[in-house]
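Please read these notes with the model open beside you.

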Amino acid sequence: MKKIKATYLRSKPKLIVVLSLILITIAVINIYFVLEVRVTSNDECLWVQKKITQDSTVIFFSLVKVNGVTWDAGIRNGDELVAINNKMVHNTGKAQVILNSVKSGDYADYTVVKPNGEILQTKVRIKKLIHYSNLANTLNSLFWMLIGFIVLTSKPEGRIQKLFYAIGAFAVLASMNVLIPQSFEFFRFVQENPLLALIINILWISGLSFLPFILLYFFWNFPQPFKFAQKKWLKRLMFIAPAIIAVVSIVNINQAVNYPRVNLSAFLINLYFLLGLLIITNLASFIFLIIQYRKLRTKQQKKPILLILFAFAFGIAVSIYAATIAPAIADSIFNSPEYFAPILLVALVPLIFAYAVFKYQLMDVSVVVKNTVIYGVATLTIAAIYFVVIYILGQSISKAIGTENQGIIAGILFIIFAIIFQSTKDRFQDFLTRKFYPEQFAHQKVLINLSNELATVVGLENILEMMNKTFVNALKINTFGILIRDKEGVFRLVKSVGINEEACIITRSNIAQFLKERSLIAKYPAICQPDFKNVFPDMADRLIEEEIYIVIPMIIKNKIVGLLIFGLKHSGSQFAGKDVELLWAAANQAAVSIENARLYKSEAEKLKIERDLDLARKIQEGLLPTSIPEIRNLDISGEMIPAMQVGGDYYDLLPVNGSDSKLYVIIGDVSGKGLAASLYMTKLQTMVQFACTSDTSPKEILVEINKRIYREMERNWFITMSIAYFDLEKNIVKFCRAGHMPLLTAINGTVQSHRTQGIGVGLEKGNIFEKSLMEEELELKPGQTFAFFTDGITEAMNEQQDMFGEDKLSSILKSKSFQRSTEIMDEIWSSINTFRGTAEVNDDMTMVIVKVK
């Protein structure tokens with residue numbers, strides 16, 4: 001399905017051209033039929049059909065034009081028409097069919113009976129009468145179609161452009177009624193050409209059914225959409241309703257063809273309903289356009305709409321004249337067709353509309369057309385000049401040196417011509433841009449300078465400031481903003497003028513999908529107001545209220561880094577055509593600069609973090625014991641393996657006043673990581689070393705440390721600690737735990753876990769903390785092993801995210817308790833490394849082993 005859609009989007013421009021050529025061809029055929037085929041023979045009088053008996057009628061002459069062709073043939077008012085070209089006539093329909101077969105300028109034989117009974121055989125020179133209303137409609141439809149084609153090709157994806165094109169397309173279909181003869185000949189044509197008549201009837205009725213709704217819906221959205229017109233149910237209704245009307249009308253006409261006596265009146269009512277609907281919607285469109293005009297704020301915005309209003313009013317006035325005044329002042333259309341000719345002026349309405357569109361750059365058309373005409377004509381002109389010059393030079397040189405080398409000379413001169421033409425073409429286009437598009441030329445120079453300067457600016461803030469100054473000061477744009485995409489994918493307004501910041505926080509968008517589809521048909525896709533509902537579903541109304549007309553994405557390597565949002569240009573017109581191309585170029589350069597600034601900032605932050613980590617590692621290493629103290633009857637080892645990101649592990653071994661029989665073993669873990677954790681470890685070590693200078697119990701030390709560090713530590717930080725006091729003189733060890741991992745002891749193949757109560761240091765200022773602590777005293781026994789560790793040991797993970805666990809640690813202590821402390825330590829590290837495999841160390845791992853000899 002996606003491939004089909006992509007193929008359709010890529011082929012869409014070609015399909016538009018093919019469809020437009022078909023419709024334009026139909027429009028031309030319609031005009032031809034009006035001028036040549038469906039003309040009515042005219043003898044400059046009026047035929048009046050009168051019933052004389054129940055079953056017979058006669059035709060009398062009336063309103064015979066003085067000095068007209070019938071008058072010159074000797075026929076007067078009140079004479080009876082009996083036959084034309086020796087064919088008896090009893091009703092006006094049949095008489096007109098016979099007369100229509102006579103060519104313009106030829107004579108028809110009339111058999112006429114005078115009021116006195118005299119029979120007159122005379123010849124009447126036949127004129128042809130063009131139906132001016134049909135000609136006006138067909139010309140009108142052709143002009144709408146041509147203008148609609150130009151509008152749509154300038155922006156095939158635009159909703160308002162599609163609606164404008166649809167007006168032309170359905171107008172052409174609606175005017176196809178001229179392909180079918182009217183009145184008496186209608187039924188004969190349908191009977192002789194049933195399939196062709198069915199196709200034509202379906203097309204012109206569909207066009208007449210859809211045209212009023214499309215016209216009204218267009219003016220609900222042009223130049224700015226009404227809020228009520230954006231409702232989904234209304235959009236559906238504007239297409240479902242005409243479809244139903246078309247189906248009903250087609251059924252009615254088919255029934256009228258098959259059963260004319262029964263259903264003809266129903267079809268005529270249906271047809272009058274469609275024509276009445278077209279008239280009503282035209283008037284309604286005119287009223288809504290007046291409302292749109294009154295809503296516009298500036299004179300610049302009102303000028304083109306005023307011109308269109310004038311065209312609309314002019315068209316309505318001409319139509320009213322043709323329908324009411326012309327019949328009143330003319331005795332009949334056959335005698336005074338010139339009174340009905342002004343209806344042709346209706347064809348000026350689309351031309352005036354086109355003038356407003358091109359002159360005031362409505363619907364993104366004028367720039368495209370103007371560029372094509374000016375650059376095309378200028379390029380052809382300069383190419384012609386070069387060709388003439390080269391031709392004259394070639395002839396002159398050939399005469400001078402002979403004709404035998406004429407081919408070589410022509411080739412050389414052609415190459416010279418190509419080189420010179422290519423080198424001067426760009427300079428010539430710059431001259432044209434400066435001459436005919438001064439605003440665009442100024443924009444081009446400013447944006448080129450911006451692109452060059454952005455590459456040399458360092459720092460995101462400097463880049464944004466330069467962009468803001470360029471668009472606001474140099475281009476004099478009153479509504480402009482820069483939105484940058486953050487890590488969460490939200491676009492936030494960082495620089496702006498004339499925009500409310502709260503109105504421009506875009507949390508949800510379909511930009512990527514929109515650009516993917518639009519890039520298939522446009523080299524520089526821009527997000528315009530009609531696209532806002534689709535691309536920014538939550539913010540479309542706010543963006544329109546802020547008078548944002550176009551959004552240009554900043555893209556680098558298919559990554560959208562931000563958005564540039566614009567109001568109107570200084571001239572009051574919208575950015576379109578070449579402007580969009582220039583804005584895209586500036587946006588792309590800005591995207592590169594912004595991304596480079598981000599990478600630079602990221603790299604700087606990375607270097608800062610690495611410096612902080614390096615400093616933290618040095619601090620952490622400086623806090624660890626430089627050597628293991630010699631304590632009699634104790635075999636001690638301690639080690640910490642740091643993670644990639646520095647953690648907060650800490651351990652210390654502090655003999656009491658240099659004694660070889662008393663020792664404090666401290667192990668702790670500061671919450672958090674990095675430099676801040678290392679600084680808290682420094683404070684902790686200082687406090688511990690001050691507190692462990694006498695025979696103070698572990699609980700008392702923890703209480704004192706908590707009081708001091710609570711005042712200095714931020715509330716979202718805390719420390720877990722365990723302190724053990726070994727007194728070999730009394731052969732005991734006192735142990736107290738403040739939220740830390742349990743103490744494991746092993747002796748004679750038995751491992752015991754000591755989980756005394758206690759909350760972490762720094763969580764509470766004193767009373768609760770002290771009450772939560774519980775100190776335990778153990779007797780020292782030969783061969784006994786004490787294991788102090790941090791959570792990095794038991795929570796070490798492998799590739800499957802399984803944890804090493806306390807059970808595996810206990811198993812090692814149980815099996816290796818007879819070995820020395822360093823050997824036990826080595827076995828623990830070896831087991832953890834084997835278990836972890838290739839998984840990274842996710843936390844510091846610290847362990848102290850104390851074994852009683």
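**Notes on the model**

1. F480 is buried, and F566 is buried as well; buried means under 20% relative accessible area, with exposed over 50% and partly exposed in between (1.4 Å probe, protein chains only). This is a predicted model, in which local features need pLDDT of at least 70 and side-chain atom pairs count only at pLDDT 80 or more, while totals for chains, interfaces and linings use all residues. Residues are numbered from 1 along each chain as its sequence is written, and side-chain values use heavy atoms, leaving out hydrogens and water.

2. The search of the whole structure gives 31 aromatic pairs. Rings of Phe, Tyr and Trp (its six-membered ring) pair if their centres lie within 6.5 Å; planes under 30 degrees apart count as stacked, over 60 as edge-to-face and the rest as tilted.

3. Why is the pair of F61 and Y110 called stacked? The ring centres are 6.2 Å apart and the planes are at 25°, so the pair is stacked. F61 belongs to strand β3 (residues 57-62) and Y110 to strand β6 (residues 107-113), so the pair ties together parts 49 residues apart in sequence. Strands (E, at least two residues) and helices (H or I, at least four) are DSSP runs, numbered from the N terminus. F61 is buried, at a relative accessible area of 2%, and Y110 is buried at 0%.

4. F480 and F566 form a tilted aromatic pair, 5.3 Å centre to centre with 45° between the planes. This pair links distant parts of the chain, since F480 is in strand β9 (residues 480-485) and F566 in strand β14 (residues 559-566), 86 residues apart.

5. In the order β15-β24-β23-β20-β21, 5 strands form an open sheet with antiparallel pairing. Two strands pair if DSSP finds at least two bridges between them. The edge strands, β15 (634-641) and β21 (750-754), each pair on one side only. Inside the sheet, β20 (residues 743-747) and β23 (residues 785-789) are joined over 3 bridges, and T745 has F786 in β23 as its bridge partner.

6. Helix α24 (residues 805-816) lies across β20, β21, β23 and β24 (845-852), at about 30° to β20. Helix α25 (residues 821-836) lies across β15, β23 and β24, at about 150° to β24. Contact means heavy atoms within 4.5 Å; axes are lines fitted to C-alpha atoms, for helices over the stretch in contact, and angles run from 0 to 180 degrees between N-to-C directions.

7. R76 lies over the face of W71, 3.7 Å from the ring centre. A charge sits over a ring if NZ of Lys or CZ of Arg is within 6 Å of the ring centre and within 35 degrees of the ring normal.
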